[in-house]
Amino acid sequence: VQLQASGGGLVQAGGSLRLSCTLSGPIYTNYVSGWFRQAPGKEREFVSLIRWSSGSTYYRDSVKGRFTISKDNGKKMVVLQMNSLKPEDTAVYFCAAGPAFSVIATDYENWGQGTLVTVSS
């Protein structure tokens, strides 16, 4: 499975951005797509995930109520809608896919290239 992420950019605090991740190749039963982010000098951290079969989602606490993850099975696309962005959301965002409903990056087998999100204050 290959992943292609897009949609990053520069936005002012309070603004919105929409990240997309398109998957090529088979999506297996119970496959999960996740978004992670890595700010300069910090470790990669979990943001959100969605299970392809059930649509079950999970978010890190700091983005709950602001970010929404969704999927389009026909387009094999996962979207992360980010609203009410804060400067602390600034990071390179990565999409990932794997079989585990997990917040741990090493549980994901496939990764896309990162897309930079910069939120100015």
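Guide: A residue counts as buried under 20% relative accessible area, exposed over 50% and partly exposed in between (1.4 Å probe, protein chains only). On that scale Trp-111 is partly exposed, because its relative accessibility is 28%. The model is a predicted one, in which local features need pLDDT of at least 70 and side-chain atom pairs count only at pLDDT 80 or more, while totals for chains, interfaces and linings use all residues. Residues are numbered from 1 along each chain as its sequence is written, and side-chain values use heavy atoms, with hydrogens and water left out.

Start with the pairs. The structure holds seven aromatic pairs (ring centres of Phe, Tyr or Trp, the last by its six-membered ring, within 6.5 Å; planes under 30 degrees apart are stacked, over 60 edge-to-face, the rest tilted). One of them joins Phe-36 and Trp-111: their ring centres are 5.1 Å apart and their planes stand at 55°, so this pair is tilted. Phe-36 belongs to strand 4 (residues 32–38) and Trp-111 to strand 10, so the pair links distant parts of the chain, 75 residues apart (strands are DSSP runs of E, at least two residues, numbered from the N terminus).

Now widen the view. Phe-36, Tyr-108 and Trp-111 are members of one aromatic cluster, together with Phe-46, Tyr-58 and Phe-94. Of these, Tyr-58 leads on to the surface: along with Phe-101, Val-103 and Ile-104, Tyr-58 forms a nonpolar patch there, with about 360 Å² of accessible area together. (Patch residues have over 30% relative accessible area and no salt bridge; nonpolar side chains are joined within 5 Å, like charges within 9 Å. A salt bridge puts a Lys or Arg side-chain nitrogen within 4 Å of an Asp or Glu carboxyl oxygen. Areas are Shrake-Rupley values with a 1.4 Å probe, counting only the protein chains shown as cover.) Phe-101, another aromatic residue of this patch, sits in the loop between strand 9 (91–98) and strand 10 (110–111). Phe-101 is partly exposed, because its relative accessible area is 37%.

Key
Helices (H or I, at least four residues) and strands (E, at least two) are DSSP runs, numbered from the N terminus.
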